[in-house]
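Here is a short report on a protein model.

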Amino acid sequence: MSSPAFNPELADRIQKAGIIAVLIVDRVEDAVPLAKSLLDGGVGVMELTLRTEAALGALKAIRSSVPEMLAGVGTILTPAQVTEVKEAGAAFGVAPGVSRRVMEAARNAGLSFAPGILTPSDIEAALEYDCQLLKLFPAEPSGGLSYLKAMAAPYAHLGLKFVPLGGVNAKNMGTYLADPLISALGGSWLAPREAILAGDWKKITGLAAEAVEIISSIRKS
């Protein structure tokens, strides 16, 4: 039997966190205070997107100075990026879609990986590579939780878990989190790009704390 595409211990940690801060970082020097501000608000998982040249440098800085932060990398589009991300020390990788070349590269590299899905065909492509943790993107524009529940129904016996991203925010996150299909949410609103550029760490800590409070109220242990 093939090994899971996502390390079970990491998947469990993400499930317990309930949210992944999804970030666009333009300057490496912002990485450490950003990670610390999220931790101060109670958010301990982040995804640095490969949309800027600073992303991998930011990852290395966080790995070095804020090791308690579980830091992964998103927007992985090519097999070459899988190699770069793995070498930079990412805990996990995420993609917006289901590229078989990228999923194969992630499996070969031993990188915990969550592809982005939007259709049953996407789910089945991901299953070919033993992916059980899947990103739903874009979540709200595609129909939100009701769409996901209908689409995922034929695969209910497989125990798949989903991370919705796109249009998810503090106002609607509770609806998603209450459903057992959801592992965690992709929280791009936790650290807006403009807030990072302005160094408004207090704002980011506040947004993180607000999200954690909502998670705690929905997922009472």
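The largest cavity has a volume of about 80 Å³. Its lining is made up of 13 residues, and those closest to the centre are Ile20, Glu47, Val94, Lys135 and Val163. The model is a predicted one. A search of the whole structure turns up one cavity of 30 Å³ or more.

Which strands each supply at least two residues of the lining? They are strand S1 (19–23) and strand S7 (133–136). By class, ten of the lining residues are nonpolar, one is polar and two are charged.

## The aromatic pair

The whole structure was also searched for aromatic pairs, and one was found. The partners are Phe6 and Phe92, with ring centres 6.0 Å apart. Their planes meet at 40°, so the pair counts as tilted: planes under 30 degrees apart would be stacked, and over 60 edge-to-face.

Where do the two partners sit in the chain? Phe6 is in the segment before helix H1 (8–17). Phe92 is in the loop between helix H4 (79–88) and strand S4 (93–94). The pair therefore ties together parts that lie 86 residues apart in sequence. Are these residues buried or exposed? Phe6 is buried, and Phe92 is buried too.

Lys135 belongs to the group of residues closest to the centre of the largest cavity. Lys135 also lies over the face of Phe137. The distance to the ring centre is 4.9 Å.

Technical notes
Residues are numbered from 1 along each chain as its sequence is written. This is a predicted model: local features need pLDDT of at least 70, side-chain atom pairs count only at pLDDT 80 or more; totals for chains, interfaces and linings use all residues. Side-chain values use heavy atoms; hydrogens and water are left out. On a 1 Å grid over the protein atoms alone, a cavity is a set of points where a 1.4 Å probe fits but cannot get out, and a pocket is an open set with protein on both sides within 12 Å along at least five of seven lines; lining residues have an atom within 4 Å of a point. Grid points are joined across faces, edges and corners, and a volume is the space filled by probe spheres set on the points. Helices (H or I, at least four residues) and strands (E, at least two) are DSSP runs, numbered from the N terminus. Ala, Val, Leu, Ile, Met, Phe, Trp, Tyr, Cys and Pro count as nonpolar, Asp, Glu, Lys and Arg as charged, and the others, Gly among them, as polar. Rings of Phe, Tyr and Trp (its six-membered ring) pair if their centres lie within 6.5 Å; planes under 30 degrees apart count as stacked, over 60 as edge-to-face and the rest as tilted. Buried means under 20% relative accessible area, exposed over 50%, partly exposed in between (1.4 Å probe, protein chains only). A charge sits over a ring if NZ of Lys or CZ of Arg is within 6 Å of the ring centre and within 35 degrees of the ring normal.
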